[in-house]
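Me: I am new to reading structures, and I would like a close look at one part of this one. Please pick a chain and walk me through how it is built and what it touches.

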Amino acid sequence: MAPQVAKKDLSTHTLRYAVRLGDDALILGQRLSEWVSCAPFLEEDIALANVALDYIGRARMYYQYAASLSPHHKSEDDFAFLRGERDFENYLINELPRGDFADTIVRQLIVDIYNFHYLSALRHSKDQALAAIADKSHKETRYHLRRSRLWTVRLGDGTEESHQRMQRAIDEIWGYTHELFTQDSLEQLLVEKNIAVDTASLRTQWFTDISATFQEATLTLPDTEWAIHGGRKGYHTEYLGRLLSEMQFLHRSYPGCQW
Amino acid sequence: MAQSNVQLFEVFIRLKNGLNHQHVGSLHAENQQQAMDYARDCYSQSDELGNIWVVQSENIVSSQKEDRDSFFSVSDKPYRHASHYTLPDEIKNM
Amino acid sequence: MLPQTPKKTADTEKQKRALFQRKIDAGQKIEPNEWMPSEYREMLAYQLTQKIYTETIGMQPESCWVARTPTLQRKVILLAKIQDEGGHGLYLHGVAETANIPREKITADLHSGKNPYSCLLDYFIQTWGDIGAIGWLIDGAAICIQVSLQRTSYGPYARSMIRICKEENFHQRQGYQIMIALARGSAEQRKMAQDSLNRWYWPALMIFGLPDDQASHLKDSMKYKLQLYSNDTLRQKFIDQTVPQIEYLGLEHPDKNIKWNEERQHYDSGDIDWNKLSSIVKAHSSCHARPRLQHHRKVHAEGSWVREAQHAYRQKQIQRKLNAAA
């Protein structure tokens, strides 16, 4: 293969990788923003909005970078609003409904620990733009993780009810965590090029961290065997379609308009 | 602390009504009441109608240097500032 | 506390009042724990709780559009704005605490229906244009009032207003920018803008309260500098500044008979239905369904297990410390 073609391929792959990371951030940010004016108390309302803002901000950075690589003059909004369920390649865990506060805290703990290690690695990506986004995002995630850890311990070791809710939330979400550590050929190729993060290598550390927090919180790891995959291939839960139809309705109702 | 018979207190003074309290320094005292008395002696030299707060230093929780980046990231949200929204020249008073 | 010898000649209520009023007249601030007349305290408490409800319940109407913003940029702006409102509710709760009004009471009195809140908050946010119009007109009206309150006589209140005004300065502009985009956009978008303007112009005028001659507390409120300008003065200022803004958008003014009065150097409103306005401002709790109140109650109830868990965890930690020490 001629070097020039390879370069173009790489750019296409990187674009798709950046869009995926943007999808993860946007879909979770969209879910988190559903907490606005629904949190257990005012401070938490504001804090959750902050985390949502961080995620949506992060999505924009990834999409803007992807747009800059795009030969078709795409914009961040094209990625967010003009793609359908099959085109989104976010991990399924991000699209699950927000549930109650326990569901949200458990998902955040899982994702925060994951992102903590993921972004740490992505900071060293050979792709400068991705490394810069990771650097900025990592700072936010450090703070997110403080929150989700504190809450997990409080709710796990709080009342009988809070403990039960947390344990149920863990049991119901656990099967969605496996997907975080499997990669398709696109990402494997980018891992080889030192652009993408090798997620399999994060698993042990992730598991150690989450086990420690669960232990402190008197929560137990589920022994369920089920695992669900599909996000990176564009196969989603039915929740995503609903999320997208709400998120995209206005933008799609008035094609080509400025806002 | 070197002297265990006393505790460290932080002193905040509002010089006059309408202003915020400002941190002015710290002192050693046995208890809150003595801290208040010393604060008056050591820090309040103004004749203005002021107000003093004393807070035991150990009751103050400070953010850590390593938290700085994850705590203060407003600068990356330009849309939080009015200057981000350019208004037409015709529109004054907004 | 130093032992204080009780003054033999305790100030009479009358003397205290005179001194208090002199301080106010001289532009001095009243700070927590200082003596204040009971009606000053009551008016302050009323104003604070109303403002707290406006900020905290005010998060709800706009939050229903966060999921549907037309662009990502609009999404972060709207989220940030709503978050500010929560933050400003928090500042004001802090002010209320200095006046011995705890947050629990403010919430309980809302839920029980003891305290009213502005029924404007229950208006439905029907289109994206409403998000623009609310930022521009409703926040714009609120900012008119808040700017003047930076000089209010209660110190913590004035200081919170300074912070609030500083942070809210983008709220009105983001709303107006939405309106500009709509007005410059497609025919459908312009229609959306006009429709939202038509529906939100009148409510914005209500933000300023009853007409001066019907506002029973206005005189006292101004005497105590809990309000710096009269309702009608601020309303006029808003009406005047809004005319060129509507003109710039190229939209029709909802008040078909608004006219410049050369003599007064102000606009004369044509079509304000003062009776309707007064009845809406007065109606408060009874005007119609109260979806925001119901939502607030529901969310509060749903969050109770979280708050209980927090409490239980804290108690456990205290107990563990005691056990470790024993």
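Reply: Let's begin with confidence: chain B has a mean pLDDT of 83, and 87% of its residues reach 70 or more, where pLDDT is the predictor's confidence in each residue, from 0 to 100. This is a predicted model, in which local features need pLDDT of at least 70, side-chain atom pairs count only at pLDDT 80 or more, and totals for chains, interfaces and linings use all residues. Residues are numbered from 1 along each chain as its sequence is written, while chains are lettered from A and ligands numbered from 1 in the order in which they are written.

Within chain B, strand 3 (residues 51-56) has the highest confidence, at 93, and helix 2 (residues 68-71) the lowest, at a mean of 72. Helices (H or I, at least four residues) and strands (E, at least two) are DSSP runs, numbered from the N terminus. Where pLDDT is low, the predicted coordinates should not be read in detail.

Now for our part, chain C. Chain C holds 13 helices and 2 strands, and its C-alpha trace spans about 75 × 55 × 35 Å along its principal axes.

An automatic or database assignment sets the domain bounds, giving domain 1 (13-287) and domain 2 (289-326) of chain C. Their C-alpha centres are 32 Å apart. Where these domains touch, domain 1 of chain C supplies 7 residues and domain 2 of chain C supplies 8; two residues are in contact if their C-beta atoms, placed from the backbone, lie within 7 Å. On the domain 1 side, helix 5 (residues 103-111) of chain C gives the most, with 3 residues.

Next come the neighbours of chain C. From chain B, 18 residues meet 21 residues of chain C. With chain A, 41 residues of chain A are in contact with 38 of chain C. Helix 2 of chain A gives the most to the chain A side, with 11 residues. In helix 2 of chain A, 21 of the 28 residues are buried. The length of this helix (residues 42-69 of chain A) can be checked too: at 1.5 Å a residue it should span 40 Å, and its end C-alpha atoms are 41 Å apart, which agrees. That expected span is 1.5 Å times one less than the number of residues.

How values were computed. Buried ≥ 20, exposed ≤ 12 C-beta atoms within 10 Å, placed from the backbone.
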